[in-house]
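Colleague: I've got this model open and I'd like to go through it with you. Can you take my questions one at a time?

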Amino acid sequence: MSGIELKSSAFADHDIVPRRYSKDGDDVSPPLTWSGIPDDTAELVLVCEDPDAPSGDFLHWLVTGISPDTDGVAAGGTPAGGTPRRNGYGDTGWGGPRPPAGDPAHRYFFRLYALPEPLPRDVPEKEIRSRAAGLATASGTLVGLYQR
């Protein structure tokens, strides 16, 4: 599988996510850019999850149907063509970090998957991540840290 380069102008890989992008701040999604999307890509899927949450993997952001012609998304935006899905808070779209106070820094994995065919629109949110990972011809990961 080829690699997608996924970056943010707000934080470096394995660096602290600024408060602005958390539930403690403005709770807007961070800006992201990407490159290395394969030519045969039909759809991109964007996921952000916290594997350090007390309940296990906590979903902060899930966007399907992103146009493969895009190369990023502005802070607080939705990627072109994308459909925001329900997050772990029960809301649609971005839900920023809010780990328990006093926990060590949690890791927030932003993953972008390039799919050779669109996902069926009736796939439940809980299945999208595993399907996207299994079908992807390329992917990229960016990890941010946040602590309260």
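Colleague: Which residues have the most contacts inside the largest nonpolar core?

Modeller: A quick note before that: this is a predicted model, where local features need pLDDT of at least 70 and side-chain atom pairs count only at pLDDT 80 or more, while totals for chains, interfaces and linings use all residues. Residues are numbered from 1 along each chain as its sequence is written, and side-chain values use heavy atoms, with hydrogens and water left out. A nonpolar core here is a set of buried Ala, Val, Leu, Ile, Met, Phe, Trp, Tyr and Cys residues joined through side-chain atoms within 4.5 Å, and buried means under 20% relative accessible area, with exposed over 50% and partly exposed in between (1.4 Å probe, protein chains only). The largest one has 23 residues, and those with the most contacts inside it are L32, W34, W61, F110 and L112.

Colleague: And which strand gives the most to this core?

Modeller: Strands (E, at least two residues) and helices (H or I, at least four) are DSSP runs, numbered from the N terminus. At least two residues of the core come from each of β4, β5, β6, β9 and β10. The top contributor, with 4 residues, is β9.

Colleague: How many residues of β9 are buried?

Modeller: Look at what flanks the strand, counting two strands as paired if DSSP finds at least two bridges between them. Strand β5 (residues 43–50) runs antiparallel to β9 and is joined to it by 7 bridges, with E49 opposite F109. Strand β10 (residues 138–146) is also antiparallel to β9, through 9 bridges, and there R111 faces T141. β9 is largely enclosed by the rest of the structure, because its buried residues number 8 of the 10.

Colleague: What does L112 touch, leaving out residues up to four places away in sequence?

Modeller: Contact means heavy atoms within 4.5 Å. With that cut-off, L112 touches I4, L6, W34, I37, L44, V45, L46, A138, S139 and G140.

Colleague: How many residues are in the second, separate core?

Modeller: In general, nonpolar side chains of soluble globular proteins tend to be buried together. Here the second core includes L62, Y113, V123 and A136, and its size is 11 residues.

Colleague: How far apart in sequence are the parts that the F11 and F110 pair ties together?

Modeller: Rings of Phe, Tyr and Trp (its six-membered ring) pair if their centres lie within 6.5 Å; planes under 30 degrees apart count as stacked, over 60 as edge-to-face and the rest as tilted. F11 and F110 make a tilted pair, 5.8 Å centre to centre with 45° between the planes. F11 is buried at 4% relative accessibility, and F110 is buried at 1%. F11 sits in the loop between β2 (5–7) and β3 (15–16) and F110 in strand β9, so the pair links parts that are 99 residues apart.

Colleague: Which residues form one aromatic cluster with F11?

Modeller: By the pairing rule the count comes to 4 aromatic pairs. F11 belongs to one cluster together with W61, W94 and F110.

Colleague: Is Y89 buried or partly exposed?

Modeller: Y89 has two partners worth a look. Its edge-to-face pair with F58 is 4.8 Å centre to centre, with 65° between the planes. K23 lies over the face of Y89 at 4.3 Å from the ring centre; the rule for that is NZ of Lys or CZ of Arg within 6 Å of the ring centre and within 35 degrees of the ring normal. At 24% relative accessibility, Y89 counts as partly exposed.

Colleague: What is the order of strands in the open sheet of 3 strands?

Modeller: β2 and β7 (72–73) stand at the edges with a single partner strand each, so one side of each has no neighbour in the sheet. β4 and β7 are joined by 2 bridges, and L32 has V73 as its bridge partner in β7. The pairing is antiparallel, and the order is β2-β4-β7.

Colleague: What is the phi of H14?

Modeller: Most residues other than glycine have a negative phi. D27, in the loop between β3 and β4, has a positive phi of about 55° although it is not a glycine. H14, in the loop between β2 and β3, is not a glycine either, and its phi is positive, about 65°.
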